[in-house]
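Me: I am new to this structure, and I would like to learn how its features are read, one at a time.

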Amino acid sequence: MALSAKAKQALLGPLNKNNPVLVQVLGICSALAVTSKLEPSLVMAIAVTIVTAFANVIISLLRKTIPNRIRIIVQLVVVAALVTIVSEVLKAFAYDVNKQLSVFVGLIVTNCILMGRLEAFALGNGPWPSFLDGIGNGLGYGWILVVVGFFRELLGSGTLLGIQVVPEVFYNMGYENNGLMILPPMALFLVGIIIWIQRSKYKDLQEATN
Amino acid sequence: MSLRKFLDNIKPNFEEGGKLHWLYSTYDAFETFLYVPNHTSKSGVHIHDARDSKRTMVIVILALIPALLMGMYNVGYQHYLSIGVDASFIQTFIYGLLGMLPHIVVSYVVGLGIEFAMAQIKKEEVAEGFLVSGMLIPMIVPIDTPLWMIAVATAFSVILAKEVFGGTGYNIFNVALIARAFLFFAYPSKMSGDQVWVRTDSTFGIGGGEVVDGLSGATPLGQIATSDVASFSDFSFHSVTGEVLNLWDMFVGLIPGSMGEVSTLAILLGALILIATGVGSWKTMVSVFAGGAATALLLNALAVNLIMEMPPLYHLFLGGFAFGAVFMATDPVTSARTEKGKWVFGFLIGVLAVLIRVFNPGYPEGMMLAILFMNAFAPLIDFYVVDGNIKRRLKRAVK
């Protein structure tokens, strides 16, 4: 199935040059909080993608009937309902991860990316482009989380998805896990480094200096 | 062939069109390091002064030498004390020299390597800022810090604390202290406790021996932070072998601690050099000491526990207080620039350092955090000093 140019832009744009985390700098709080291990980062990425996609579709379907003055409340109800479903599913099937993510599953409600996409995209576009836009933004947010979670777990704990990957020989030779990687500030450094790489690749994203 | 002639001979290779032009920054760095550059300004009015930043940096290095030599001697002294061998002065010093040299080499190779590469990429002159930072980093870490950790920390701080801000002169935080903070949070087991401050193994095959019984390598600040003695009059600091240390030992610097920061005496010699040449601000130094002493006195008056009772002089002599006051707080880039601002900046560093030491037993060394914290506030302090001056003059003019 070929996608139209506009649909392609809605899906792929947020992965790269219109990334919600790197370019719009949204959703930073959860990016710092849940990425100390790879597994919660993955689960969080999937959860946010699902919620964003379906919230986008529902709001897009309702966009002609929602009175403008109470649209934020309607959006919140939809998002909160979806988040509750995701949270219950996680509790039922992935209890450990749910405990690691703790409040941050519930806090998807307040994730700026969600409300941002609903306001900026779903209210003005049909359900199909909105769905693609939701998937795109969710994945755009998600891949940053996964990359950050990958490096933080690898360098901070020497494991990946809980499995030891740094060989014992290294530790015997004097290698040590980097404790700073476990602390939230390091996530900020890593996001900063990714932004740095992206901006040096796409010069048009660089702000003008005075 | 003289060095000057050699430099002139190879210069064409590095100029525009030469086959080694891509290494011009590197050539230029060495040429201007060895000889006074003969470039003249092309526009505007300039005041001629011999003190360019390369000479400034060299003076700071000179001022660091007493503390460096004393630190080397102390590394050896603590080692021979811990294995119970009565070593000669030369032997002691050589042990310390060999112990410290690899740290200095690693710090310079990694830091300067990144600086040269960055300058080359940006096609700029190599900035001289790392000349001092590279010497400071090995001096503020324990002797048993693994070399690869120093390499990682140096790379981290040069790239993320300096180059991303635009290089030398644009950094917000002191580069050497960021390296130490990185080590402190990333590898706490190698930066605190009682195992890392005294090297008990041999270095390059010399100074081997059995460790004496009952060895305790905790720093004096570590000792008082973990002590359960109720009042300071019953408390005494002790050396690695358990002998009581007095204030004079701490002043001279024969105590366990980071390599270069133990000897307050040697640091004050360095301070004299900095003040006499006008490179370091005496206002910052004096106000750091004043802030620390005032806070310690205040806490003495309110004392309810052991560490609150510690007299001011101990605070000033122990840990990195003096080293931070003389060599870190005065960093011209990250300190306050206005003369009045320097008083405030320094005083608050002293206050914070003592407060962190006393009220946060997890961080026996508050100096690092205090200076980094105030680095962030230096522009704000300057803003209010300048703003206050503008308002005062405005009032005078309007009247």
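Predicted model: local features only at pLDDT ≥ 70, side-chain atom pairs only at ≥ 80, totals over all residues.

Me: How many helices and strands does chain B have?

Reply: Helices (H or I, at least four residues) and strands (E, at least two) are DSSP runs, numbered from the N terminus; chain B has 16 helices and zero strands.

Me: Which residues of chain B form helix 3, and where does it kink?

Reply: In general, an α-helix has 3.6 residues a turn, so residues three or four places apart point the same way. Helix 3 of chain B covers residues 53–82 and reaches 42 Å from its first C-alpha to its last, close to the 44 Å expected at 1.5 Å a residue (1.5 Å times one less than its number of residues). A kink of about 35° lies at I65(B), shortly before the proline P66(B), the bend being the angle between axes fitted to the seven residues ending there and the seven starting there. After helix 3 of chain B comes G84(B), with a positive phi near 70°.

Me: How many residues of chain A are in contact with chain B?

Reply: Eight residues of chain A are in contact with eight of chain B, where contact requires C-beta atoms, placed from the backbone, within 7 Å. Helix 10 (179–182) and helix 11 (184–201) of chain A each supply at least two residues of the side that touches chain B.

Technical notes
Residues numbered from 1 in each chain as written. Chains lettered and ligands numbered in written order. Contact = placed C-beta atoms within 7 Å.
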